[in-house]
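Please look at the chain shown here before reading the report on its fold. The account is meant to be read alongside the sequence and the coordinates.

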Amino acid sequence: MSPRLVRAADDATGRRDTPLRITVDGTPLDGVEGQTIAGVLLASGRLTWRESPSGTPRGVFCGIGACFDCLVTVNGVRDVRACRRRARDGDDVTTQSRAEEDAR
Ligand code: FES
């Protein structure tokens, strides 16, 4: 388990977690209710999931919805900010790439 995810049993606040599972590019990732999609990705150890037009990796930059570096497609809806969208059990997430989009 990633050190980025504090298990409920280890959390001093005594919180109770409701587990959820999303798929990212077909790979199942487990999270807990309340996490953003970016939170689930980061907790799984994935730091980047997009590429800029120049091919440099992108993931969470601002974490508050301002920079749009974290865009993903969620359940067929493009350009969703992963840092702002709460993960829901069963979400189907696919990554996007500006390099791919610019080539179209
Ligand atoms: S990380 Fe900046 S909008 Fe999501």
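## Overall make-up

This is a predicted model, and its chain holds two helices and seven strands. Read from the N terminus on, the elements follow one another as β-β-α-β-β-β-β-β-α.

## Burial, surface and contacts

The chain has 104 residues, of which 34% count as buried.

## The five-stranded sheet

Five of the strands form an open sheet with mixed pairing, and their order across the sheet is S2-S1-S7-S5-S6. The edges are taken by strand S2 (27–32) and strand S6 (77–81), each of which has a single partner strand, so that one side of each is left without a neighbour in the sheet. Neighbouring strands of this sheet are turned against each other by 40° on average, with direction ignored.

## The pairing of S5 and S7

Within that order S7 and S5 stand side by side, and the pairing of strand S5 (residues 71–74) with strand S7 (residues 92–95) is antiparallel, extending over three bridges. Which residue in S7 stands opposite valine 72? The residue in that position is threonine 95.

Note on methods
Residues numbered from 1 in each chain as written. Predicted model: local features only at pLDDT ≥ 70, side-chain atom pairs only at ≥ 80, totals over all residues. Heavy atoms only, no water. Helix = DSSP H or I, 4+ residues; strand = E, 2+ residues; numbered from the N terminus. Buried < 20%, exposed > 50% of the residue type's maximum accessible area, 1.4 Å probe, protein only. Pairing = 2+ DSSP bridges. Axes fitted to C-alpha atoms, helices over the stretch in contact; angles between N-to-C directions.
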